[in-house]
Amino acid sequence: MSTTTPAPVRQTAHRAHKLRRRNTALGWSFIAPNFIGFAVITLVPIILMFYMAFTDWNALGTPHWTGLANFQRLARNSTFRAAVAQTFYYAIPHIILTGVIALALAILLNQKIRGVAFFRAAAFFPYITSIVAIAIVWNLLFSPKYGPVNQFLTWIGVAHPPGWTVSSTWAMPALIIVGTWREMGYYMILFLAGLQTIPRELYEAAKVDGASGWRRFLHITWPGLRPTTFFVTVMLAIQSFKVFDLIQVMTEGGPGTSTYVISFFIFQKSIGVSSNAPGTGEFGYASAASLILFFICLTFTILQFIVNQQSDLRKPRWTPVPLALGLVAFALAVASFASGYSLGLGYLGYLALFVVCFGFLMIHVRILRRRQQ
Amino acid sequence: MKLGKPLAALMAGALAFGLAGCGSGGTTSTPTTTAAGTQTATASAPVTLTMSGWSLKTTPEFQTLVDAYKKVAPNVTITLKEYDPNTYEQLMLTDMTGGQAPDIITIKQAKYTWQWATGNALMDVSDVVAGLSKDVTGAASYAVNGKNYGVPYRQDSWLLFYNKDLFDAAGVAVPDGKWTWDTYASTAKDLTTKLAAAGKTALGTYEHSWQSTLQGFANAQKGDNTNPAGPYMTGNYTYMQPYYDRALDLQNSGAQVAYGDISTNKLTYQAQFGKQSTAMMLMGSWYIATLVSQQTSGDADKFTWGMAPAPQVDSSTVSTPVTFGDPTGMGINAKIDPSKLQAAKDFLAFVASEDAAKALAGIGITPSTSSDAVTAAVFATAGMPSDALSKTAYQVHKTMPENPSGADVMNISTVLGAAHTAIMSGSADATSELATASQKVKDKDW
């Protein structure tokens with residue numbers, strides 16, 4: 001019997017092959033318009049950047065291959081070293097604050113409270129407001145003498161309120177505050193979407209078992225949000241390391257070079273148009289700095305992937321945990337040291353920051369592992 | 001290793017975020033040699049040139065020059081290409097790399113000349129500059145390695161604007177044209193006290209947040225910022241110390257708005273002086289036309305004002321006060337069609353002529369050619385002050401370039417810009433910050 005049926009099998013295989021081919025073509029046709037645009041205006045310049053980073057190209061002349069000269073110059077440049085440190089100084093507190101506040105807001109606004117739609121919209125509003133308008137309003141709020149922030153601080157008894165955007169010590173914290181305020185709404189929406197996917201029955205069962213609110217968060221909400229948390233931390237990290245617009249409109253890298261970040265440095269060495277940082281047109285040099293920023297973002301993303309894979313219970317654990325942790329610790333230690341050194345903040349503050357940040361990354365590994373046992 | 005032309009063109013295209021550069025970027029030769037005598041357009045043949053400008057509706061100087069030239073050379077038609085003023089250099093660079101730049105390139109900020117000239121985007125016009133009248137100032141700002149790449153048509157310089165009504169209300173004598181910085185500072189404090197006593201909220205003076213408002217004077221009055229071996233180029237900025245001490249003292253004593261309040265409240269100098277929040281203000285001569293038009297339109301209050309020379313270090317320079325300002329000029333695209341080159345050079349020679357100067361003066365622009373006739377044309381406009389000191393201040397001064405031309409100028413300017421914001425915001429003390437800036441420039445740490 002079995003030997004008499006080769007024709008239908010071949011026919012089925014043929015049909016499946018045809019179907020697969022048709023599906024692939026259909027898929028490509030959906031992707032193509034976007035991909036062509038991406039390739040022309042993003043991918044090609046990015047690939048060229050890898051080449052330009054090793055040349056002395058200044059946009060007008062012919063580029064000459066200079067090997068690692070741009071990178072050696074970057075390593076010697078005190079402004080660039082400060083920019084790297086300040087990028088971490090902005091990014092790490094900003095990632096933690098935005099992540100925590102967005103999650104807290106999402107949990108709060110996931111409950112049945114009166115006017116929840118209004119509060120959700122209110123939290124999302126800063127994200128869709130023009131960054132220029134935000135800069136003007138926050139600069140007014142932070143105005144050292146006449147700003148409401150300092151008037152409030154004086155009123156509650158602070159004798160010498162900070163100078164905020166006109167003080168080299170306080171400009172970065174001011175930017176972190178504005179950055180967090182601006183982006184928390186967006187990540188709140190992502191967390192809200194994640195919360196909706198957690199089955200209600202789990203909470204009801206936990207309540208019946210007498211679990212407290214905190215335990216319900218720890219054992220249901222947090223593990224249930226794992227895919228969302230992963231996405232949020234990756235996006236948030238990339239966005240924080242690439243921060244530019246906020247700094248350009250709020251402080252233009254100042255006072256002095258206290259809020260220079262890598263993106264601002266790149267801008268200033270290439271097309272910069274701001275009054276305090278006219279563009280010097282050194283596109284090769286700027287590309288080298290871009291490459292470093294690219295690798296910082298890439299490293300963080302890979303680390304997050306590794307950590308995420310570690311905590312995924314369904315997959316075999318093939319990644320060497322010590323290596324992943326070691327890399328994270330190394331990156332953070334370098335950042336902490338550089339920041340502490342260049343900002344004169346001392347080691348204790350940065351040690352604390354390092355511990356908090358490292359802890360944040362590790363929490364979900366531990367929780368999920370405990371659940372597994 | 002040298003990169004081939006096609007890849008260079010592709011890079012240009014990438015910069016322009018488009019493929020506009022590929023068509024014309026791959027031309028095989030760049031005509032950089034002076035073509036005097038070799039390319040001569042016949043006088044009567046019609047020629048069409050393109051020229052860059054910005055905010056054409058509110059910046060009439062380009063059309064004024066074009067119209068004035070039409071009378072001299074009716075066969076030449078010049079069409080204007082408009083750019084955004086805030087990103088002018090960025091857009092121009094994109095057009096240059098993409099081969100889309102106009103024939104005549106307006107040089108908005110002289111400090112970009114070095115970048116454009118060494119990148120072979122501008123043509124050597126030394127022959128045009130050699131033929132200019134002795135009354136033209138500012139051509140040196142466009143010199144790179146001994147060759148000239150631009151011709152100035154406009155030369156602003158910084159002056160002291162004062163509000164005569166506020167001086168009278170305070171009972172303080174108006175500037176007499178012999179002021180040193182000490183006179184300026186003590187008068188500012190005196191005015192602040194007496195204006196408050198007279199029930200006015202105005203302060204004695206206003207210093208805008210730009211680094212020019214302080215460093216421009218310090219550099220010019222030091223006198224050798226164009227010297228490659230001078231302290232500006234080699235990094236020794238102790239000479240700025242007295243200027244910072246004075247500005248910080250005025251700011252701390254309340255005689256001028258603090259830097260932090262200017263930057264956080266985004267104060268504009270036009271509103272500060274125009275709405276009578278200050279009795280004095282150091283500003284470039286471009287503000288003359290703005291003030292006159294704002295007083296006419298009602299954007300500024302109506303009050304009597306005047307101009308005085310910039311304060312000097314001591315009395316030795318009061319007869320010819322030293323101030324600063326960069327010219328605005330025109331250059332020629334290195335990729336211009338050779339048949340149009342002579343017409344473009346003739347136009348460049350025209351923009352620095354007295355005819356062009358009078359036309360510009362008629363719309364309140366300070367031309368690069370100074371003469372009694374030009375001053376008379378500027379002061380003939382309704383709304384201009386009529387006192388003798390204003391006219392002298394406008395015409396008689398030694399104007400040093402704010403930004404000398406050189407490879408490191410942009411980076412030096414950035415280092416000093418950062419020092420300025422650090423010092424004026426009170427984040428760092430002037431002595432240590434100037435020492436840091438000096439060290440960075442010495443080490444070429446950028």
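Analyst: With a definition: two strands pair if DSSP finds at least two bridges between them. Helices (H or I, at least four residues) and strands (E, at least two) are DSSP runs, numbered from the N terminus. This is a predicted model, in which local features need pLDDT of at least 70 and side-chain atom pairs count only at pLDDT 80 or more, while totals for chains, interfaces and linings use all residues. Residues are numbered from 1 along each chain as its sequence is written, and chains are lettered from A and ligands numbered from 1 in the order in which they are written.

User: OK, which strand pairs with β7(B) over five bridges?
Analyst: Strand β9 (residues 278-284) of chain B, in the antiparallel sense. B:Leu160 stands opposite B:Leu282 there.

User: And how many bridges join β7(B) to β10(B)?
Analyst: Four, and these two strands also run antiparallel. B:Phe161 has B:Met307 as its bridge partner in β10(B).

User: Is β7(B) mostly covered or uncovered?
Analyst: Covered: six of its six residues, 158-163, are buried. Buried means that 20 or more other C-beta atoms, placed from the backbone, lie within 10 Å of the residue's own.

User: Which residues point which way from β7(B)?
Analyst: B:Trp158, B:Leu160 and B:Tyr162 point one way, and B:Leu159, B:Phe161 and B:Asn163 the other. In a regular strand the side chains alternate between the two faces of the sheet.

User: Switching topic. What are the domains of chain B?
Analyst: The assignment, which is automatic or from a database, gives domain 1 (37-156 + 327-370) and domain 2 (158-324 + 390-442). Their centres, taken over C-alpha atoms, are 30 Å apart.

User: How many residues of each are in contact?
Analyst: 16 residues of domain 1 of chain B and 16 of domain 2 of chain B. Contact means that the C-beta atoms, placed from the backbone, lie within 7 Å. On the domain 1 side, α5 (113-118) and β4 (143-144) of chain B give two or more residues each.

User: What about the contact between the chains, how many residues does it take?
Analyst: It takes 45 residues from chain A and 42 residues from chain B. On the chain A side, α1(A) gives the most, with five residues.

User: Last one: what is the average pLDDT of chain B?
Analyst: It is 87, and 90% of the residues score at least 70. pLDDT is the predictor's confidence in each residue, from 0 to 100. Over residues 1-42 of chain B it stays under 50. The model scores ipTM 0.82 and pTM 0.81.

Key: Contact = placed C-beta atoms within 7 Å. Buried ≥ 20, exposed ≤ 12 C-beta atoms within 10 Å, placed from the backbone.
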